[in-house]
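The entries follow in the order in which I made them.

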Amino acid sequence: MKCAIITGGSRGIGRAICLKLAEENNYHLLINYTSNEASANETLEKVKALGATGEILKFDVSDAEETTNVLTDWQDKNPDAIVEVIINNAGITRDGLFMWMKHEDWNNVINTSLNGFFNVTNFFIQKLLRNKYGRIINMVSVSGAKGTAGQTNYSAAKAGVIGATKALAQEIAKRNITVNAVAPGFIKTDMTADFDEAELKAMIPANRFGEAEEVADLVAFLASKKSSYITGEVININGGIYS
Ligand SMILES: NC(=O)c1ccc[n+]([C@@H]2O[C@H](COP(=O)([O-])OP(=O)(O)OC[C@H]3O[C@@H](n4cnc5c(N)ncnc54)[C@H](OP(=O)(O)O)[C@@H]3O)[C@@H](O)[C@H]2O)c1
């Protein structure tokens with residue numbers, strides 16, 4: 001059984017990626033979430049309605065022990081399954097000026113994006129290397145490339161993932177495993193629900209926020225065999241914001 005895991009697959013961009021991969025139906029989907037069970041169930045129902053298969057794996061990607069326990073348990077129950085596509089999408093923001101930033105807000109954001117990348121990817125990497133084929137896609141942000149005021153924690157976390165993407169890509173390219181990052185600008189999801197699109201679109205050449213489905217199309221391409229010679233890249237998807 002060939003599988004793709006999508007962290008934070010319950011909502012937003014992660015859900016759109018699940019549905020796009022379900023349409024292509026090359027993989028059994030492992031839909032991860034941490035708290036929003038109803039949304040995760042809804043994603044799985046939509047995946048099934050598209051004729052694909054999948055299951056839900058609940059764990060907090062920032063918790064190394066929980067992540068390892070859940071994934072070990074799943075792999076033990078599915079010894080022949082190979083997770084060929086890893087989409088590290090789970091992420092959070094805890095915005096605020098650096099001078100007021102609490103340790104907790106710094107740590108939670110770093111732990112989710114950067115340590116989440118490590119906890120999930122490192123679990124599967126040896127099997128993936130033996131498989132001699134794979135796709136790792138990390139969801140970063142325009143903030144990780146250019147830095148955003150009020151998001152020092154988030155910018156640092158995403159910049160860290162960009163560095164990890166480039167380094168790991170070089171380590172494993174010979175085994176036909178690509179590692180790429182996708183850096184969205186403003187995308188319409190719960191994460192940006194409080195943002196004023198009417199005001200912010202003035203700084204976006206495309207003059208609008210992006211849709212989660214537009215990001216999912218790019219991720220689906222990177223997750224496919226068609227992207228075989230692209231690795232270590234950060235691909236911006238932001239309606240023309242210069243970063
Ligand atoms: N929206 C944007 O404009 C934008 C721009 C640039 C980058 N991004 C990045 O794109 C990714 C997805 O963002 P989004 O806008 O789709 O966010 P979202 O709508 O807030 O959804 C976040 C998803 O991540 C999951 N998640 C959060 N913390 C987790 C954890 N510790 N363990 C496991 N799952 C966790 C959530 O699960 P629950 O449902 O269980 O909470 C949910 O499925 C993030 O990495 C974000 O930084 C978004």
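I took buried to mean under 20% relative accessible area, exposed over 50%, and partly exposed in between, with a 1.4 Å probe and protein chains only. The model is predicted, so I noted that local features need pLDDT of at least 70, that side-chain atom pairs count only at pLDDT 80 or more, and that totals for chains, interfaces and linings use all residues. Residues are numbered from 1 along each chain as its sequence is written, and side-chain values use heavy atoms, with hydrogens and water left out.

Entry one, cysteines. I looked up Cys 18 and found it buried, at a relative accessible area of 0%. Cys 3 is likewise buried, at 0%. I searched the whole structure for disulfides (cysteine sulfur pairs within 2.5 Å) and found zero. The closest cysteine sulfur to that of Cys 3 is in Cys 18, 13 Å away, which is too far for a bond.

Entry two, helix H3. Helices (H or I, at least four residues) and strands (E, at least two) are DSSP runs numbered from the N terminus.

I then listed the buried residues of H3: Thr 67, Leu 71, Trp 74 and Gln 75. They lie on the same side of H3 because their arc around the axis is only 95°, taken from the directions from the helix axis to the C-beta atoms. The face turned away from this buried side carries exposed Glu 65, Asp 76 and Lys 77.
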